[in-house]
Amino acid sequence: MTHTTVPAYAAPSAKAPLERITIQRREPGEHDVLIEIKYAGICHSDIHTVRGEWGDDGHFPLAPGHEIAGVVTATGSGVTRYQVGDRVGVGCFVDSCRECDNCKAGLQQYCTGELGNVGTYGATGRDGEITQGGYSTHVVVDENYVLRIPDSIPLDRAAPLLCAGITLYSPLAHWQAGPGKKVAIVGLGGLGHMGVKIAHAMGAEVTVLSQSLRKQADGLRLGADHFYATSDPATFAELAGGFDLIVNTVSADVDINAYLGLLKSGGTLVQVGAPENPQQVASFALITRRLSLAGSMIGGIPETQEMLDFCGEHGIGADIELIRAEQINEAYERVLASDVRYRFVIDAATI
Ligand SMILES: [Zn+2]
Ligand SMILES: [Zn+2]
């Protein structure tokens, strides 16, 4: 297989700062598209992965990035979905087994086949090579794992939709956020701010539950109807039994039982963040009010396209801070300090 050498920002080893290196991209195969990357969002997962915090030995050097927006610059001979010049995105995975029940149902994120869903970076692809992510100038992806970005969404603001956007859209759509539904979004970071925008556009009554009232003005501007501080115990008393759906975007340990108390009977609490420690859940709270405690992870290819089309129709993009590639390490520190409104996006022209 022939390859092309392209520049990338990568961690040479676990915990090392990212630096400019070159990586190899395969030549587009029959069903591949070559994408010139314009922008790549910085997701918290990128930081966990390059710091070796997810219990993986990792594959270094590793270029992270799974919020990719760009333009098609070449297509394989068998490509039917995309043409040169199309505005496209790539999210958290670039392949999957395509044969298991979940893949057949378009739920590739939950692939149970041997290949599994192939992460956009740091995973072993069908060809046996380790995938490299979007902090780069080009990427080659099978057309079946490429998304179309509507013209109405600027590419820089579209990039974070490919992970943060779909991570919130999928549970909001699955548990039917919409008119007449009261939805709470816990945490107003990169994920939470997308949740507020999308739930509001779906027609739900949206409440932000944030640690403090520091981001209240932002939350209301993004589309929230109400904003409460979870550091204030009165919040949990005042809002008890009030929500049909709560989506928790916080990865830190929180008191799950306190949030279950905010659900109406029959309500659902969905975890999209992954706290490090197991949670204690009082089954009595679930039983006595038929509550559901659920989880959700990104979305499949059809639903991700549905999300992009929805965002295109509703004029939704991420709120971003555009940075140059040499600012990536500094941006990581700011993400860890929750000092970003609300997603850093790398201008790939600076890589
Ligand atoms: Zn992500
Ligand atoms: Zn599968």
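Predicted model: local features only at pLDDT ≥ 70, side-chain atom pairs only at ≥ 80, totals over all residues.
Visitor: How many of the residues are buried?

Guide: Buried residues make up 48% of the 351.

Visitor: Then what makes Ile 149 buried?

Guide: Ile 149 has 26 C-beta neighbours inside 10 Å. The cut-off is 20 or more, so Ile 149 counts as buried. You will find Ile 149 in the loop between strand E9 (147-148) and helix H3 (155-158). Leaving aside neighbours within four places in sequence, its contacts are Ala 69, Arg 87, Val 88, Gly 89, Leu 155, Ala 158 and Leu 308.

Visitor: What makes Leu 308 a buried residue?

Guide: Leu 308 has 25 C-beta neighbours inside 10 Å, so it counts as buried. Leu 308 lies in helix H10. Residues that Leu 308 touches, not counting those up to four places away in sequence, include Gly 89, Leu 147 and Ile 149.

Visitor: Why is Arg 98 called partly exposed?

Guide: A residue is exposed with 12 or fewer such neighbours, buried with 20 or more, and partly exposed in between. Arg 98 has 14 other C-beta atoms within 10 Å, so it is partly exposed. Its place is in the loop between strand E6 (93-95) and helix H2 (101-104). Arg 98 also has a positive phi of about 75°, although it is not a glycine.

Visitor: And what makes Gln 176 partly exposed?

Guide: Gln 176 has 14 other C-beta atoms within 10 Å, so it is partly exposed. Gln 176 is found in the loop between helix H4 (164-174) and strand E10 (182-186). Its phi is positive, about 60°, although Gln 176 is not a glycine.

Visitor: How do you know that the peptide bond from Phe 60 to Pro 61 is cis?

Guide: Look at omega, which is near 0° for this bond. Pro 61 lies in the loop between helix H1 (44-50) and strand E4 (68-75). Another cis peptide bond joins Arg 341 and Tyr 342, with omega about -5°. Tyr 342 lies in the loop between helix H11 (328-336) and E17.

Visitor: What makes strands E11 and E12 a pair?

Guide: Two strands pair if there are at least two bridges between them. Four bridges join E11 (residues 205-210) to E12 (residues 226-229), and the two strands run parallel. As one example, the bridge partner of Thr 207 is His 226 in E12. Together with helix H6 (residues 216-222), E11 and E12 make a right-handed β-α-β unit.

Visitor: Which domains does the protein have?

Guide: The domain assignment gives domain 1 (3-163 + 299-350) and domain 2 (167-295). Their centres, taken over C-alpha atoms, are 27 Å apart. Where they meet, 13 residues of domain 1 are in contact with eleven residues of domain 2. On the domain 1 side, the largest share, three residues, comes from helix H10 (residues 301-314). By class, that side has six nonpolar, three polar and four charged residues.

Visitor: What share of the contacts comes from residues 24 or more positions apart?

Guide: Such residues account for 66% of the contacts with a separation of 6 or more.

Conventions. Residues numbered from 1 in each chain as written. Chains lettered and ligands numbered in written order. Right-handed = clockwise from strand over helix to strand, strands pointing away. Contact = placed C-beta atoms within 7 Å. Domains from an automatic or database assignment. Nonpolar A, V, L, I, M, F, W, Y, C, P; charged D, E, K, R; others polar.
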